[in-house]
Amino acid sequence: MKQETTVFRTAGLVKIGIGVLAELADEVKRLGGTKVLIVTDKGVADAGLVDKVAEPLKVAGIPSDVFDGVEPEPPIACAESALAVLKEGGHDLLIGVGGGSSMDVTKVVSLIATNEPDPRPYFGIDLIPRPGLPKILVPTTSGTGSEVTAVAILTDTEQSLKRGIVSPYMFADVALVDAEMMCTMPPKVTAATGMDALIHAVEAIVSVRSNSISDSLGIHAVELIARNLRTAFENGGDTTARLAMATASTMAGMAFANSSCCAVHALAYPLGGEYHMPHGVANTLMLAPVMEYNRPVCKAELARVAEAMGEVEISAKSAVRAMIKLAKDVEMPLHLKEFGIAEEDVPRLAESAAKVTRLLDVNPRRPTQEDIAMIYRAAL
Ligand SMILES: NC(=O)c1ccc[n+]([C@@H]2O[C@H](COP(=O)([O-])OP(=O)(O)OC[C@H]3O[C@@H](n4cnc5c(N)ncnc54)[C@H](O)[C@@H]3O)[C@@H](O)[C@H]2O)c1
Ligand SMILES: [Fe+2]
């Protein structure tokens with residue numbers, strides 16, 4: 001344990017299970033919602049998941065509209081378009097249905113509905129003056145953990161960089177984590193989002209902000225992911241594996257929301273912003289090189305990860321090996337070259353990543369811009 005004072009915050013209410021979505025209308029009523037805006041993307045809507053949310057609202061006599069214009073790694077403009085729909089429709093409660101992209105846009109819209117309509121001044125930590133509209137988050141990936149975190153990430157297309165808004169007002173009032181909503185996830189999305197969850201757990205454990213609560217959530221999440229990601233990838237309809245992954249991703253979200261993500265996420269940001277690769281893919285590419293860089297200063301923490309992953313050899317080295325074996329088993333790309341990124345791109349990427357001080361400052365080893373360039377080279 002590295003901190004003397006432990007603070008723990010999470011969503012107002014968290015329900016995880018199979019079929020917990022049945023409680024949606026009751027939760028809307030409890031929060032005083034009279035007209036709901038469902039925020040999602042077209043992929044989630046095409047998978048039939050928006051109907052699963054809209055139907056119980058209709059039965060309960062709660063009017064709702066759908067904004068399905070969220071894009072992956074959403075640009076700021078997505079939140080602005082959703083806000084226009086909300087202002088026009090006079091909705092008083094938001095339901096975010098989807099992966100991190102839809103949930104993050106929901107969180108931002110909830111806040112810009114009651115604060116200034118331009119989210120740009122709010123990038124950073126604790127810069128939002130007022131709470132937002134009530135929000136319920138229903139994740140369909142497992143995943144980002146956004147349903148229990150105080151951050152929303154948008155892509156600043158002017159700077160080709162992903163940027164975060166962090167505020168306690170970002171927490172969902174209710175997180176309904178229903179494993180049935182995840183069974184339609186294609187294997188590639190299962191793999192990328194599952195690796196993202198693993199990385200959240202591990203970064204929360206190695207961060208200088210780790211504490212007993214985040215550690216225990218992180219370690220148990222690693223255990224569940226090591227045991228269940230392969231099955232969820234191979235057989236998406238396996239509700240037992242899906243429930244384990246849903247539980248793990250929410251726990252990993254709680255872990256990093258109360259500790260931090262660190263350099264893996266910082267170095268992945270420019271890849272997402274510039275090359276538009278999925279968040280989990282960008283993180284997985286940076287996982288081994290960053291953990292190799294971190295290894296000398298967090299041997300004990302990584303050894304615990306190795307143990308949680310069921311390794312026979314309990315060491316930091318075997319933890320990194322086990323994480324990469326898992327990534328390979330779920331067919332994740334592991335080299336920047338596979339995306340056409342070469343040596344000449346390294347200085348630009350390093351300059352961009354060096355600006356993500358929010359995450360670099362809490363990494364167990366503070367990398368300089370030169371270190372960051374070296375880490376990118378190791379990932380080529
Ligand atoms: N706020 C946070 O705490 C936090 C943490 C990590 C990542 N993020 C952000 O979250 C975003 C990534 O979210 P993501 O990885 O969940 O992906 P995503 O939300 O972009 O979804 C990926 C794709 O999967 C599809 N999809 C999602 N669920 C599905 C389902 N059940 N069935 C069929 N298709 C489905 C979507 O339509 C989309 O095309 C990034 O912008 C990232 O920066 C946020
Ligand atoms: Fe992440």
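**Entry 1: the shell**

I sorted the shell around ligand 1 by class and got 12 nonpolar, 13 polar and six charged residues. Here Asp, Glu, Lys and Arg count as charged, Ala, Val, Leu, Ile, Met, Phe, Trp, Tyr, Cys and Pro as nonpolar, and the others, Gly among them, as polar. In total, 31 residues surround ligand 1. The closest are Asp41, Ser101, Thr141, Thr149 and Val151. I call a residue near if one of its heavy atoms lies within 4 Å.

**Entry 2: ground rules**

I noted that this is a predicted model, where local features need pLDDT of at least 70, side-chain atom pairs count only at pLDDT 80 or more, and totals for chains, interfaces and linings use all residues. Residues are numbered from 1 along each chain, chains are lettered from A and ligands numbered from 1 as written, and side-chain values use heavy atoms, without hydrogens and water.

**Entry 3: polar contacts**

I looked for N or O pairs within 3.5 Å. A polar side-chain atom of lysine 162 sits 2.8 Å from an oxygen atom of ligand 1. For methionine 181, a polar backbone atom is 3.0 Å from a nitrogen atom of ligand 1. Histidine 279 has a polar side-chain atom 3.5 Å from an oxygen atom of the ligand. I then checked cover: the protein hides 90% of the 870 Å² of accessible area that ligand 1 has on its own (Shrake-Rupley method, 1.4 Å probe).

**Entry 4: domains**

I found at least three shell residues from each of domain 1 (13-182) and domain 2 (187-379). The bounds come from an automatic or database domain assignment.

Key: A polar contact is a pair of N or O atoms within 3.5 Å; within protein, one must be able to donate a hydrogen and the other to accept it, and residues adjacent in sequence count only if both atoms are side-chain atoms.
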